[in-house]
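Hello,

Here is the structure I promised to pass on. My notes follow below it.

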Number of protein chains: 2
Amino acid sequence: MSSTAPTIPSDLAAWCVANDARAQNELFAFLRIPSVSARSEHKGDCLIAAQFVADALTHIGFRADIIPTPGHPIVLGEWRHAGPDAPTLLVYGHYDVQPAEPLELWTSPAFEPTVRDGRIYARGSVDDKGQLYLHIKALEAHLAVRGTLPVNVIVLAEGEEEVGSENLEAFLQREQQRLKCDAVVISDSTMFAPGIPSILSSLRGMAYLQIDVQGPAGDLHSGMYGGAVVNPAMALARILATFHDADGRVAISGFYDHVRPFPDNVRAQMRALPFSEAGLMHEVGVTALGGEPGYTALERLWTRPTCEVNGLLSGYTGEGAKTVLPAISMAKVSFRLVPDQDPDTIARLVREHVARVLPIGVTATVTALHGGRPWRADLQGPIIDAGKRALQAAFGREPVITGEGGSIPVVGDFERILGAPVLLMGFGLPGENAHAPNEWISVENYQLGIRAAATLLDEFAVAFTMSRG
Amino acid sequence: MSSTAPTIPSDLAAWCVANDARAQNELFAFLRIPSVSARSEHKGDCLIAAQFVADALTHIGFRADIIPTPGHPIVLGEWRHAGPDAPTLLVYGHYDVQPAEPLELWTSPAFEPTVRDGRIYARGSVDDKGQLYLHIKALEAHLAVRGTLPVNVIVLAEGEEEVGSENLEAFLQREQQRLKCDAVVISDSTMFAPGIPSILSSLRGMAYLQIDVQGPAGDLHSGMYGGAVVNPAMALARILATFHDADGRVAISGFYDHVRPFPDNVRAQMRALPFSEAGLMHEVGVTALGGEPGYTALERLWTRPTCEVNGLLSGYTGEGAKTVLPAISMAKVSFRLVPDQDPDTIARLVREHVARVLPIGVTATVTALHGGRPWRADLQGPIIDAGKRALQAAFGREPVITGEGGSIPVVGDFERILGAPVLLMGFGLPGENAHAPNEWISVENYQLGIRAAATLLDEFAVAFTMSRG
């Protein structure tokens, strides 16, 4: 690996400057397609968006297929002319977007991209059309300037990321041979702060459960039966209160057994980030933070497993007073997981815990609604090295290593099924409203993203060759 | 007081037999009026029902007034010709009824009284039209047979009992002089079991509160913020879990301070009742009962204060999984009270308790939605003695002393404002569906109720005179 400070190759840099305006106009056309995967009335729009991606790939010299799935199609672009010794890089992104509602909260229309204050406002601008399309423009830069790419490239764009990527895993399994690659790059995440390029190194997994408590066969009058018949709403509260100890640790037996601590150097890097707990409190509007003792707030969010109540429902919830002793109560409870916790194991532990603490006079069922494995990058190897240098070249400073409290299950799928390491190199920014009205991507980050993605190809070719060395 | 076994006076008994069919037909006409006080579209029907009561009273020789209130009117009937030494008895009942919905669950129409299996099915049959009208028929028996009553009688029928009796207390205050009486009799309760006449000796009061917990300013993504931002749904569960200790006692400091134990003889009588805990479990469909240690289930229901969760709401409660960290959570919590607990004091104690156990990172407000004082009868004096004898005369066995877990705030108002003891002599039966579809009153109990109410007048006159020595 080169030890000189990385730069954007000058031929690519010149092309980028000359083509920034067009790259933005083309993105606008992409953003105007309301490819909302969750809504059946937008099925046709999803197909149009898939065709848009396939056309963009064909136009720059890729072979592109639109591959049907039981849901929305997958677009697969391939360019395999880098020679027998060159590595293969798979670029993953998605062309589907979140629903835009509530529409009345958008300052400009969700599907009419508008630039204000250096930001492109539109549904899908950052999640993920902008971050997918910047890779296509980077590929175009190489092919336009040099007529070739330094590595073989597969572009995989799915249309169901916002609805759970339900058909992706099976596709990866089925097409393992065709998708064989040496690394995967995904731009669908957020930088730590403006001007601070970031490599996302960990994602939390999830075990999402529903707990239903049943007391009497039907709702009862709380005056006539209260005091002798066990109240399932109170029973549920008592059950949930046992999920943490007094200090804020999850108190379910065995919960932490498979947690693999983050390496000290990663912890040290995260602790060195300019993160402000006061800023977080101000952002969400609270006067104190909570959570597991012994960790900073950022570590709790990125590196530690949690237990959250996502929903509660029982009895009378309308205005005023109704004296009901409810027959049933319900809680939605989700556990964010870190390596090497397993969602199925966690669901079993919770089930056993609930059985252990269950008050007499009620029954409880624990139903697993959704599970996803946690993920953590190795943070070494050619694609990580190349990513670091490409980001430094584009942004003028070394990237920081970040974590993410949320879950992106497909990341683990790529590593597990294709056996290739994943680089998460995102160009979003805090406050980007990814799933909310007024979603935006920074114009500057979109342009720097093209430069970083273009540089990544060169750097990956070099790093890969050196690693074979 | 006479020590011979009481009987129904033979002249009144004969009149009752001759008039049972008519008394039922007249009740049917009363039941056909859909006087649903909660629904504004039935305002006219409530007026028609008030007029029906006034007419029935006028018809038997009472003076009757329909007195407007800000809500539905109060009917006041008066007969004051028993002489200067005779006591005055106030009969209270209500002509309004609960809504009949859901209509589709009624076997016969709610407002078309139908006799099946010895029961009169109709909305209001037992709560309270049947139990109010049986008193009017008892008064008619005296006036028809003897041309007079042995005591002065005031009949007070309100039309807002099912919506909280909002204008009754002010009416009692304003008309204290006119309503001056030596005793009050109310038939709006339930017998312990068929064939077992009952005097209801206690009612629980209530402090109904709403607890709102606020965490972050808006809903957050549970992955991005979970673990550092305190979860208000979990915080609520932890707060509620502190309301009882591990054994089932209410653990709010000071909660039991003003509880006046039931007299040993009343406790002994209640313990002697043929109450089956297995029967209660079967009725409500549970396999175990709970509650405060050291008391039978019946004592817990009738004589001990409780804390119940009536409703829970927070976050996402629909189908499937949504990873929200809710901004707010809400619980409706009611405390059933016994003498001498005070609803305002209890609300204050709960507020102090919540402040004491409140997790950091959230705020909580405790709002008092409704309060009612508990009540307990003295179980001595002329009206109680007369009630016991009248019930024994009609049913052929001594009444039992019962309690009631629910709340009827007006009972305490009568005692407090008018200074007169209250006799609760009800003719309902378990399973009567008072607030549910298919409400019914037993035909036999309606008839025996007329006889008991008629006998009560004679017995009260005697007992009152004897008590004056």
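Helix α1 of chain B covers residues 10–31 in this predicted model. At 1.5 Å a residue, its 22 residues should span 32 Å. The end C-alpha atoms are 30 Å apart, which agrees.

Which residues of α1(B) are buried? They are B:Leu12, B:Trp15, B:Cys16, B:Ala23, B:Leu27, B:Phe30 and B:Leu31. An α-helix has 3.6 residues a turn, so residues three or four places apart point the same way. The cover over the buried residues of α1(B) includes α2 (43–60), α3 (125–146) and α13 (443–467) of chain B.

Two of those helices come up again at a sheet in chain B. This open sheet has three strands in the order β4-β5-β18, paired antiparallel. β4 (114–116) and β18 (440–442) stand at the edges with a single partner strand each, so one side of each has no neighbour in the sheet. The twist averages 30° from one strand to the next. Three bridges join β5 (residues 119–121) to β18(B), and B:Tyr121 sits opposite B:Trp440. α3(B) packs on the sheet, touching β5 and β18, at about 50° to the direction of β18(B). α13(B) also packs there, touching β4, β5 and β18, at about 60° to β18(B).

Now the chain contact. Chain A and chain B put in 65 residues each. On the chain A side, strand β11 (residues 306–315) gives the most, with nine residues. That side divides into 31 nonpolar, 25 polar and nine charged residues. β11(A) and β11(B) run antiparallel, joined by five bridges. A:Gly311 stands opposite B:Gly315.

Best wishes

Technical notes. Residues numbered from 1 in each chain as written. Chains lettered and ligands numbered in written order. Predicted model: local features only at pLDDT ≥ 70, side-chain atom pairs only at ≥ 80, totals over all residues. Contact = placed C-beta atoms within 7 Å. Helix = DSSP H or I, 4+ residues; strand = E, 2+ residues; numbered from the N terminus. Nonpolar A, V, L, I, M, F, W, Y, C, P; charged D, E, K, R; others polar. Pairing = 2+ DSSP bridges. Expected span 1.5 Å × (residues − 1). Buried ≥ 20, exposed ≤ 12 C-beta atoms within 10 Å, placed from the backbone. Axes fitted to C-alpha atoms, helices over the stretch in contact; angles between N-to-C directions.
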